[in-house]
Amino acid sequence: MRTPFALACALWLMSACASAAPRPGLDDIIAQHVAARGGANAIEAVRVFETDIQITEPSFTVDGLYIATRDGSMRVDISAGGERVFTEALDGGHAWSWSSGEGVKEGTAQGAAALRHGIDLPFKLFGLHEMSGQGHRLELTGSETIGGVNFHVLKLTLADGFETLYLVNPATGLIERDRQLRALHVDVDPEPVWIETSYEDYRPVDGVQFAHRQVERELASGKLLSTVTVRTIRVNPAVAAGRFAPR
């Protein structure tokens, strides 16, 4: 029969061993995240991503049609009242825009970088497990507790130096928030601010989990900047010749 002292020592040792259990490392978090999104094979099978969205900002609501490919082309058409009013695109690395008032214009370097980031970041076409292979750097920087959830915090540095902090829920493995120092609309107001985006309403499409709602807020003030609601997502649709060319 154990004495009270021996029992207390045993309980202390059990507690110490439990507290000393190592926290998940970067590879563990990436593996959990990739599995939660549907697995590496399903993610890598996404060659073309197309989505119909509604964008709501404090002063307006518009519709958008966004398409991007793994080879670095993309296009987003913005419509209001059923009429196209604005387009931004990358066509083989060539950035351009169109507006109903000015027609086709050459894109700026800053605007082109922002469009490339939208392709490269691990939400549409790529997974976290592919970042290093694409020339980007992913690091585990610690943890942060928000609303009772102790999130893993990952830092992604793209090949051009652009940085994003990702908050990964340890229970689900999914990215629920990210933070970026950037302009909301770089060609309208290039002044960068810290923006936090919440990713909500994950649902599977062709075996891959995609967030169907994104809410952007100014991190310092909590001011609502925009809400993006996904209506539909199409994986690997046919792409017409000249889809990304200026017109």
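A nonpolar core is a set of buried Ala, Val, Leu, Ile, Met, Phe, Trp, Tyr and Cys residues joined through side-chain atoms within 4.5 Å. The model described here is predicted. Its largest nonpolar core has 44 residues, and the members that touch the most others are Met-74, Ile-119, Ile-175 and Phe-210. Strand E13 gives the most to this core, with four residues.

Phe-210 also has contacts beyond its neighbours within four places in sequence, among them Phe-49, Phe-123, Tyr-202, Ile-233 and Val-235.

Strand E1 covers residues 48–57, and seven of its ten residues are buried. E1 pairs with two strands, as the table shows.

| Pair | Partner residues | Sense | Bridges |
|---|---|---|---|
| E1 and E2 | E2: residues 60–69 | antiparallel | ten bridges |
| E1 and E13 | E13: residues 224–235 | antiparallel | eight bridges |

E1 and E2 form a hairpin, with two residues between them. Within this pairing, Ile-55 has Val-62 of E2 as its bridge partner.

The chain as a whole has four helices and 13 strands. Of its 247 residues, 41% are buried. Among contacts with a separation of 6 or more, 43% join residues 24 or more positions apart. The accessible surface comes to about 12900 Å², and carbon and sulfur atoms account for 55% of it.

Note on methods:
Residues numbered from 1 in each chain as written. Predicted model: local features only at pLDDT ≥ 70, side-chain atom pairs only at ≥ 80, totals over all residues. Heavy atoms only, no water. Buried < 20%, exposed > 50% of the residue type's maximum accessible area, 1.4 Å probe, protein only. Pairing = 2+ DSSP bridges. Contact = heavy atoms within 4.5 Å. Areas by Shrake-Rupley, 256 points an atom, 1.4 Å probe, with all protein chains shown as cover.
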